[in-house]
Every structure is written in structure tokens, then in C-alpha cells.
Amino acid sequence: MGNYTIILCYYVGMEEESVIREKITALANEAIEREVFPGCVVGVVKKNGSRIILPFGKFTYTPDAENVAAETVYDTASLTKSIPTASLALYLIDRGRLRLDEKLITYLPEYRGSYRDEITIAHLLTQTVQFSFNLASVAHLGRQEILEKIFSATLLSVPGSTYHYANATSILLGLIIERIMGVTLDVAAQSVFFGPLGMIHTTFTPSCDVPPTEIVDGRSIQGIVHDESTRALLPLHVGAAGLFASVPDLLQFVFMMLNGGESSGRQFFSRASLKKIYTNPSGISHRFGLGWELGAPWMGKGKSAMIGKTGFTGSMVALDIEKGVGLVHLSNRTFPHRPKTGDAINKVRSEIVAAVFSNT
């Protein structure tokens with residue numbers, strides 16, 4: 001009877017994986033045909049360690065363009081806000097080197113903007129600092145001028161009262177992490193997460209052999225961060241965007257989170273901290289927990305245990321802690337030119353999420 005049970009469970013698992021593969025393949029190929037993106041990679045990981053990694057399409061729509069491979073590295077855009085920026089902050093909080101209630105100016109006294117004495121680490125992690133400008137509007141300025149705009153910003157509401165997603169918020173958090181750790185953000189991420197987790201293709205300084213993200217003024221944006229304000233701040237590697245990664249690498253990170261914050265005998269997050277990420281006990285924002293999106297429309301209904309993050313270039317990470325399943329989707333949906341809305345990519349995201357999490 002015991003052997004029969006093992007064989008039956010194995011068969012059910014194989015059947016389940018086959019269904020997921022078929023659904024993902026159909027959705028990805030349809031999206032490529034509709035030119036939502038020229039190519040993508042989709043990966044699924046379970047708490048038991050099993051993985052599915054499926055590459056589709058090409059780097060561009062040109063017939064002789066390079067084929068996408070399982071380990072193709074993409075510009076992950078705002079995934080950077082969660083991996084590694086918010087994750088590094090949570091890592092420091094877990095080790096008593098940072099607190100949610102600490103003030104921004106404790107680490108960045110040069111901030112002279114509105115509510116100088118009130119902005120806390122919790123506000124930065126939950127994206128509840130409402131800036132009066134978008135960084136894209138000042139991307140034409142020099143690096144120091146952009147930083148000065150952030151440090152002297154006018155805010156439109158009391159910190160913590162309004163959800164307002166902004167690059168500047170994560171840039172401030174990244175700078176705080178650098179002050180505490182005494183190294184640049186990219187070095188901190190490599191030493192704390194990427195190296196120990198074996199994320200060998202994850203970097204802030206990619207080669208040119210990556211899918212291009214857009215053609216701007218006749219120039220192909222390739223091998224350099226797509227986000228304009230982040231690009232203007234180079235060579236600083238800031239917390240809002242700039243991370244390039246492969247699906248296998250990101251699945252390593254996702255598996256660690258599904259596995260109670262532990263991987264290969266090393267504890268990266270405490271279970272208590274992970275619970276705070278999923279439940280957001282502070283109640284500061286219903287849209288954004290401690291560094292991750294909560295209950296976003298693309299996650300579907302009834303996903304109370306799901307967290308995730310998306311990026312403008314066409315990236316997505318989603319985790320369901322109760323099911324013990326994680327999903328990564330990377331693409332260059334902004335090529336050759338950014339769409340006017342995110343409707344098409346969000347439709348694909350929601351469809352892939354439904355295919356994976358309703359079949360596990």
C-alpha cells in the first residue's frame with residue numbers, strides 16, 4: 001500500500017507539471033504572436049525543490065535574432081525594489097542593524113525635504129511617501145541634480161497616509177542600506193544574497209549579450225538599464241531599478257523564501273520576518289507590504305497568501321506561501337517601443353498566474 005501511494009503521488013505530480021507546461025507554453029506563444037513581447041522565460045519552483053523553466057521566442061522580432069534560452073539574462077526593472085533592495089533592508093532588520101520605526105534622517109541627514117522628521121524605514125518599505133514629481137521627468141538632469149531633487153523633495157501627504165509608488169522611495173532605502181553596510185548596493189547584494197544563493201548570472205553590470213529593452217532615438221537600449229532616471233544616476237547602482245537576472249537565478253531566491261528563508265543550511269530571513277512580509281501587520285498600506293506587492297489585480301482574487309513584484313520591462317515574481325509555489329516571468333515587452341498601457345502584459349501575467357497557481 002505504501003509503495004502504491006508513492007507511485008500515485010509521483011504520477012499526480014507529473015500530470016500536474018504536464019498541465020502547467022502546456023498552459024504556459026500556449027500562453028507564451030500566443031503572447032509572442034500578438035507581439036506583447038518578442039520572447040520570454042517562465043519558471044516555476046515548489047517548496048519541495050522541483051522546477052520548471054521554459055524559454056520562448058527571440059531577443060527581438062527580427063527572424064535571425066538570437067533565440068531566448070533558459071538562462072537568458074533580462075533587465076528586471078523594478079523587481080530591483082524587492083530583490084535586492086527591500087530584501088537587504090529586511091535582512092538588516094532581522095539582525096538588529098535597522099528598525100522599521102527608525103527615521104530616514106538617522107542615516108541620511110542630508111534629506112531636507114517635507115516631513116523631514118517623520119519619514120521612517122517602514123514608510124520607505126511600504127511605498128507610502130508621496131513625492132510631488134516623477135523621477136522620469138528629471139532624468140535629463142545630472143546625477144547630483146537628481147539626488148538633490150530627492151533630498152529636497154516636496155511631499156503631497158503625511159508619510160504613511162497614502163500609497164504612492166515611486167522610484168525615489170527605493171533610492172532612499174538603497175542609500176540607507178549602503179550607509180549601514182559600508183559598501184555599495186551591488187556589492188551588498190552580491191555578498192548577502194547572490195553569491196551564497198548561487199545566482200551566478202545576476203548583476204548590475206551586464207554584458208551586451210542580453211535582450212534589448214527599447215529603441216530610443218534610433219539607439220537600442222541593450223546591456224544598460226532601461227529606466228531613464230536610473231540610467232542617469234550611473235555609475236551609482238540605486239535601489240529602484242538596474243538589476244539584470246535570469247529565471248534560474250531568481251528561482252533560487254524564490255525557493256529560499258518558500259523554504260522559510262533558508263537555503264543550503266543558511267538562514268537569510270527569520271520566519272517571523274517572512275510572516276510580516278506576507279501579512280503586513282503594520283497596516284500602513286493595503287497595496288504594498290514590506291517591500292512587496294499585496295493583492296495586486298494581476299494576482300487574481302482570493303490570493304491572500306500571495307506576494308509579488310513586477311517590472312516595467314515585463315518582469316514578474318509571485319509567491320504563494322500557503323501553496324509553497326513560486327513563479328518568475330521575464331521578458332522585454334518594451335521592445336521596440338514601450339506600449340502606451342500595461343494592459344497587454346498584465347493580461348499575460350494574470351493568465352500565467354492562474355495557470356500555475358490554480359493547478360498546484
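The model is predicted, so local features are given only where pLDDT is at least 70 and side-chain atom pairs only at pLDDT 80 or more, while totals for chains, interfaces and linings use all residues. Residues are numbered from 1 along each chain as its sequence is written, and side-chain values use heavy atoms, with hydrogens and water left out.

**Helix H10**

Begin by selecting residues 271-279, which form helix H10. Helices (H or I, at least four residues) and strands (E, at least two) are DSSP runs, numbered from the N terminus. Colour Ser273, Leu274, Ile277 and Tyr278 of H10, which are buried; the word buried stands for under 20% relative accessible area, exposed for over 50%, and partly exposed for what lies in between (1.4 Å probe, protein chains only). These four residues are on the same side of H10, because they cover an arc of only 140 degrees around the axis, the arc being that of the directions from the helix axis to the C-beta atoms. Ala272 and Lys275, on the other side of H10, are exposed.

Next, show what the buried residues of H10 pack against: helices H2 (79-94) and H9 (247-258), together with strands S9 (293-294), S10 (306-311) and S11 (315-320).

Select S10, where six of six residues are buried. Met306, Gly308 and Thr310 point one way from S10, and Ile307, Lys309 and Gly311 point the other way. In a regular strand, side chains alternate between the two faces of the sheet.

Ala318 in S11 is the bridge partner of Gly308. Three residues lie between the strands in the hairpin of S10 and S11, and Gly314 takes a positive phi near 115 degrees there.

**The largest pocket**

Display the largest pocket, whose volume is about 860 Å³. Of its 38 lining residues, the closest to the centre are Ser78, Lys81, Tyr165, Asn167 and Phe312. Helix H6 (167-181), helix H8 (228-233), S10 and helix H11 (343-357) each give two or more residues to the lining. On a 1 Å grid over the protein atoms alone, a pocket is an open set of points with protein on both sides within 12 Å along at least five of seven lines, in contrast to a cavity, where a 1.4 Å probe fits but cannot get out; lining residues have an atom within 4 Å of a point. Grid points are joined across faces, edges and corners, and the volume is the space filled by probe spheres set on the points.

Select Ser246, in the loop between strand S6 (244-245) and H9. Ser246 is buried, at 0% relative accessibility. Leaving aside residues up to four places away in sequence, Ser246 touches Glu71, Thr72, Val73, His201 and Leu330, a contact being heavy atoms within 4.5 Å. Ala69 is 177 residues from Ser246 in sequence, yet their C-alpha atoms are 9.7 Å apart.

Move to Gly49, in the loop between strands S1 (39-46) and S2 (51-57). Gly49 is partly exposed, with a relative accessible area of 26%.

Finally, select Cys40, which is buried at 0% relative accessible area, and Cys208, which is exposed at 60%. The structure holds zero disulfides, a disulfide being a pair of cysteine sulfur atoms within 2.5 Å.

Notes. Two strands pair if DSSP finds at least two bridges between them.
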